[in-house]
Structures are given as C-alpha cells and as structure tokens.
Amino acid sequence: MEFKELKEAIDQVELVDAHSHNIVSLDSSFPFIRTFSEATGDALSFAPHSLSFKRNLREVAQLYGTEVSLEAIEKHRQTLGLHSLTTKCFNEARISALLVDDGLKLDKKHDIEWHRSFVPYVGRVLRIETLAEQILDEESPDHDDSSWTLDSFTKAFVERLNSLVPEIVALKTVAAYRSGLDIDTHVSKEVAENGLVEVLQAGKPVRIGNKGLIDYILTRSLEVAERCDLPLQIHTGFGDKDLDLRLSNPLHLRTLLEDKRFAKCRIVLLHASYPFSKEASYLSSVYPQVYLDFGLAVPKLSVHGMVSSIKELLDLAPTKKVMFSTDGYASPETYYLGAKKAREVIFLVLRDACVSGDLSLMEAIDAAKDILSRNAIAFYKIDVVDTSSSIPQSIISPKSQMEEPHVQEDSSSFVRVIWVDTSGQQRCRIVQAQRFNGSVKKNGIGLTHASMGMTSFYDGPADESKLTGVGEIRLVPDLSTKRTIPWTKQESMVLADMLLKPGEAWEYCPRETLRRVTNVLKDEFDLVMNAGFENEFYLLKNVVREGKEEYVPFEVGPYCATSSYDAASPIFHEIIPALESLNITVEQFHAESGKGQFEVSLGHTIAFHAADNLVYTREVIRSVARKHGLLATFVPKYDLCDIGSGSHVHISLWKNGENVFPASNKSSAHGMSSIGEEFMAGVLFHLPSIFAVLAPLPNSYDRIQPNTFSGAFQCWGKENREAAIRTASPPGAHDGLVTNFEIKACDGSTNPHFSLAIIMAAGIDGLRRHLQLPDPIDTNPADVSATLKRLPETLSEAVEALKKDKVLHELLGQNLVVAITGVRKSEVEYYSKNPDACKQLIHRY
C-alpha cells in the first residue's frame, strides 16, 4: 500500500494546538534545558541522557543549523532574538490556532496578546485554581483575611468566573497536582469551609492544596461550565515531581463522570494520561462527554513511547474524540517540537492502522485531519477556517513535508503574493516580511476586480469580461503554499486565494473554482482527480543583429540530444534541486524537438496541488534561466517555423487512495474501468469548448496543427501521440491496462487552475450521463481526417463552442465563463489587427 498520500494529508493540515502555555522572555530565570525535560533540581542533570532529550536537542539544532549542543543553541537564540526565533518556530510548526493556559507561573512570561503576533487565532484557557488563589490573595470584602468565608469566597469566585466566560474557550484544573483526581462532587460545605480556613492560615501567597477545597472549587466550576457550555481540561498522567502519579490516573474520575448534573459537561483528559493511556481510552469509549488530548506525551517520550501511547489511546477511543496539542511552554521550541513530532507520530500510528486493516486509507486521512485540527475546532467552537476540509487530500502526492518556511523579519526580506489571471499570466504583489506576518497573512492585500479581466497585450480589463476598475477583492495568502524562494533565500512566495470578505470566496478566483468543481466530483462520485504536467519551453539568448535586439535559441541540437543537455546542464542543476526544495517531484527532463527547446515532466498529484505546482514550476524555470542570462518562454508557438510548446496534462481518477482509472481485469475492451471511460468520454465530448481555456491565445492555434503531436482532431487513441487524447500504459502498468490519459492541447499560457477545473467539469458530465467512447484511432488522425471532426482551428471557434456549452457554464459559473470568453474575444480582435505583436508574448509567458 502507498502511504505518500497519508503523509501529505498530515503535513498539509494547519494544526490547532488545543493546550499550551505562555512563552517567556530570553532573560527569564526559567532554564532553557527544561525545554527538553520535565525534570527539576538534581534530576535535571541526568535529563540529557534520556532518549527524548537527545532526539529533541538534535531536532532543534537542525532547525537552527547549529552544533548539537545546548550551548550552541542558546548562543544562537540570543543572537536571533525572541521575536525572530518564535516566528521561525511557529512558521515551521504551521499552527493556525493556539489555546493558552496562562495560569502556569513562569518568570517574565509574555501575556496572551503577545502570542497573537505569531498565530492567527489565540484563545485563553482559564486555570480555576489560579483564579481562586488570585481572589484569596486579594483583600477580603471586609478588608480582613479572617472574614473570608466559604460563602463570600464562593460569591466572589463564581462572579469572577462568569465575568470571564466571554474571554475564554475552556476551563482547566490541575487537581491532579494538588490532591488527586478522586474528585468528590458532593463535598460538604463543612469540609470545604475547613479547607478554606487551612489554606488561609498558611499565609500568602495562597496555594490551594486542601482536597476538600479543591473538590469544592472544581464542582462550582463544573456548574458554570455546564451552564455556559464551556469544556473542562483536566491534567491527567505524568508531569513534574510535584505530582503524585498514583492519584493522576483518570479512573479516579468515575464519581465526577457519573454525576448526572455534569453529564453534558465536555471534559478533556490531557497529556494522553500517560502512563494511563489505556485507561483514558476506555473512559473516552464509554463516556460520551470524555475527550482526549496527547500533548506533553508528544514530544516528551521516546519515539516508541509516543507511538505506543497514541496507539493505546486509539485502541478504544473514537478518532473523533482525540486531539492534538503541543503543551508548549516557556520556549517557542517546545511548540515546534510538539508539532513536528505529532505529525510524524500520527503518520506512523495511522499507517500501521491501515496495514493491520483497522482503517482504510481514506479513513486514516480523515482521522488525521480530525485529530490534528477538526476535532478541536468543533470541540472548542473556535473561529478558524478548517483548511483540512477545503480540498480532498486523499490521493498520491509527490512529496511530503509541505511546511511553511520562515522569512526573517527585516527590511530586506520580502514575500511575493502570487496569483494567475484569466489570461494565464502569473502576477504578484510584494510586501515586507514584517507586514506580511503582522497583517497580510490574515487580512490579505487589496486588488481591483479588473485584475481578472486583463489580457496578454494590455494591463487593463477586456470590455466584454464585465470586470472593471470598480470593486475590490482581497488576495489572501494560502499559508500552506508559502515557500522560501530557492534562487533568492531572503525572500518567500505564497499563492493567494481571492476573497470578497473573510470566508466568502470571489466567484472569479481560479483556486476556488478548482476547489468547487473538485468538491462536486468528490461529493457526487467519491472520486479525486490527479494530474501531472509536461512543461515544454524554449531557452533563448539575447543577441544584437544590425543594431536590433533579438531573442534566438541558445543552442540548436535535436530531440533528446546529449549535446543539448550538456549545454543546458548547469541550468538544470539549479532547476531540479529548486523544484525538489518546493516539494515538486520531477519525473524526467530532456531536450525537445525545437531548437533550444526542453521539457520537464512533473509527477502526478491531487489536481489542486498539481495546479499550484505548475505555477511554482514556471517561476523556477524562468528565474533560474534569467540568472544564467537566458529567457525561458512557455509561449505556445515561439517560432512559426519550429515546433510549438505544450503543457500536456495527464489525468487519472482515484478513490480511497487507489487509482480507479484502469480496468479491474483484462476483459475491458480498452483497458479502462467504466468510471474512467465515462469520465474521459466527457472530456472528449467537451473538448472543443475546453480549448478556450487550455489554449487561450490566438498563438495557441498556430501550435495545434496536424502532424505535430498536438492533437488537432477530436479523437482518442491508445498510445497515439497524434490523437487529442492519448491513453497511457506506462512502464509498470499491467499489460493492456490504462492508468491515465493525456490531453495534448494544453499549453504554457493557460491558467492551470481553470484548466483542471474545466477538464474535471467535462469529466463530471461524462459520469453523470454515462457517456461512452467512440472507437479509438490507431493511426495518424490526419490520414483519416475525412472521418473525424477537426477541433477548433482558431481561438474564435473555441470561444463560440464554450459560449454554447451550458453544462460547463453550470459547473464553472456563468459569470466566470463570461469573463473568460470576454478576455478571449479581446485577444482575437487585437492579434488579428496586430499579428506581429505575438512576438512580445515571450516576455509574458
């Protein structure tokens, strides 16, 4: 079984950290060594010899690029400064929401507001013992400590607690540290009163350790929690030596859990209850109100300990009731380690669950998203976007570790916010990293409606696009796509969605269009489309002839010539590592048939990521070529006397992590499943309309000609590279079975998200209507052209086909189709009057 898709799904989730504590200043008395251990005092001297300490120290050293030693890391921390190292740790952790228990006493800790500079959402968890102690440390109502009575304390405590309810997301108790978890929810007022007297007699600052008073405070808090629908986090299992581990077994909570008054009060058992993980799993399985959180166990245990603990939680507990947290405290590195190891451990646990047959691949992916994000969002009712649900992630992807890189916050560090317009041009706005982190990553950048109506020849909206300079949208970065730019390390780039306002996508947004159609395919047919692009491009050099600058091929070797590769080898030695650093898989690359033409073929992945990858691939190739003094162009027909450049796209269908395009046996006439055939038949049927998106320039049709491997006729064939659609049985496929099909018309001037959306929409129509394929063409279509329909020979013909295609209007959106056809009509009109203007396209594509 292939698990890359599970790894990708886990790495893509923006985490919701449901339990953590405040970060402290660098000059705090809190020792940095305690980042790696719960030990204190003399026991701390042995901590560096534990497995988890050694591993976590190494992880932090790798993060910072230092020697593996506490001294080297601490020196680097002082050099970098708290703000920068916190930014780095949180960017690498990719935490979208943080719930902070600010009741832990730490020297020079930062308040909750400070943390909001690093995480989009920060919520407060109120520790009830700390609140009670703060009240008792204050003067009594009658300015006399002896006058504190249980009634006056109860009144003050409940009033203060009620006043704080709007500001908090949960309550928390550390009763396990004070008197144990055998909570008596029917504790008498006499016992509680005696406890209060004992606590007050001990003097200030107050520390509540009396069991009767702890039980009383917790019971009153449960009453507020029940009335206000607030969850209660309970420390269970291990901690520092102040805790009596025998009394922190969650089985002691039976009296509380059986109390019918609090049956609907949602309770979270923290820290995987380690070493009582099995007991916690049991409680979660039999009590509907009990949920689990595994922070602290991850990352403080060994790898074996972390994996076994989480496996024990999942022995009985529903995956809908298990939640991630870092239990981060004091240093930002604790958040980084908690997030990093949680992703790794959840992958190992769910992978094994798939291997053992407990879960299917799709179920494992859903469980991962639930555990790392969705469960906490629902449980704590926090206002964050559930990014894990916006795109189906259940298919094979090129690589994992899709983490958001760090951009140093100084005046020379920039972030490029990238979008692709309707004409297929890649554009960006650039902001300083400090502004990006402070505002843009949450609120976006303003952009005129006209931006999606622009053409390839003029930076203004096409008249018939219905998009004008009136109205503004927000370019909101998708932080899961934020990457360090390989060719200029002091900058980053990120892809953006287009929103009208928070949570409301703009109907012209390319990425949202693909999401929307993807969801239709998933919802109606439980299918996910994979795609992989072949990128053809020319490498040109600038020369001066007769006083005029020209761009000509930088070499003239034939197809797959070793000499051509030798000439381009220094460039590819930068392009390929750069793509790999962006988690983009390159299957192969070679010299193409045109003079100075090359091809880079990308691995297939979920359609949404394939489109994103194509955007970044174009950026890499152009930029690396520019570094070498060359111009890389993806224009469809750079030279009318030479071969054109395509962006052939390979399509397959997946279900539950398996490719369902091939037939299940050899009895199929064409080697395809019925699902695969119907989907492909829909694409073939709508191909004339699809051309208006896949081949968006008049210049595109100079490329799509018979006998040029570009697919000029409306037909399909088995391994027929002259057919518009070619079914493929690549090496490794079972004899005669088709794993994917290739569409030849797509070129490098297309908007990749719109292209995959319209292909998918056509396939959906094929599935809905159970369309059947005609017979394949097993010869050159040009030789039997009299029996075949010629596909659009001009952009005008393609536009007319799309305008009439009501099915695609419905799936893409009527207004979007109007904008697309409006832009295309302007292209047709301009280039018909200015045919030589197409020579300038090399600077736009």
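**Notebook: aromatic pairs and a buried arginine**

I looked up Tyr 538 and noted that, at 0% relative accessibility, this residue counts as buried. The model is a predicted one.

I then examined the ring partner of Tyr 538. The centres of the Tyr 538 and Tyr 638 rings are 5.0 Å apart and the planes stand at 45°, so I recorded the pair as tilted. Tyr 538 belongs to strand S17 (residues 528-545), while Tyr 638 lies in the loop between strand S22 (631-633) and strand S23 (649-655); the pair thus links distant parts of the chain, 100 residues apart.

I searched the whole structure for aromatic pairs and found 25. One of them, Phe 457 with Tyr 830, is stacked, at 4.0 Å centre to centre and 5° between the planes. Because Phe 457 is in the loop between strand S12 (445-448) and strand S13 (472-477) and Tyr 830 is in helix H27 (residues 814-833), this pair ties together parts 373 residues apart in sequence.

Next I checked charges over rings. The charged end of Arg 266 sits over the ring of Phe 379, 4.8 Å from its centre. That of Lys 321 sits over the ring of Tyr 291, 5.3 Å from its centre.

Last, I turned to Arg 483, in strand S14 (residues 483-484). Arg 483 is buried yet lacks a salt bridge, and the nearest side chain of opposite charge, Asp 612, is 7.3 Å away. I found that the Arg 483 side chain reaches the backbone oxygen of Ser 480 at 2.9 Å.

Methods. Residues numbered from 1 in each chain as written. Predicted model: local features only at pLDDT ≥ 70, side-chain atom pairs only at ≥ 80, totals over all residues. Heavy atoms only, no water. Helix = DSSP H or I, 4+ residues; strand = E, 2+ residues; numbered from the N terminus. Buried < 20%, exposed > 50% of the residue type's maximum accessible area, 1.4 Å probe, protein only. Lys, Arg positive; Asp, Glu negative; His and termini not counted. Salt bridge = Lys/Arg side-chain N within 4 Å of Asp/Glu carboxyl O. Polar contact = N/O pair within 3.5 Å; in protein donor to acceptor, adjacent residues only side chain to side chain. Phe/Tyr/Trp six-rings, centres within 6.5 Å; stacked < 30°, edge-to-face > 60°. Lys NZ or Arg CZ within 6 Å of the ring centre and 35° of its normal.
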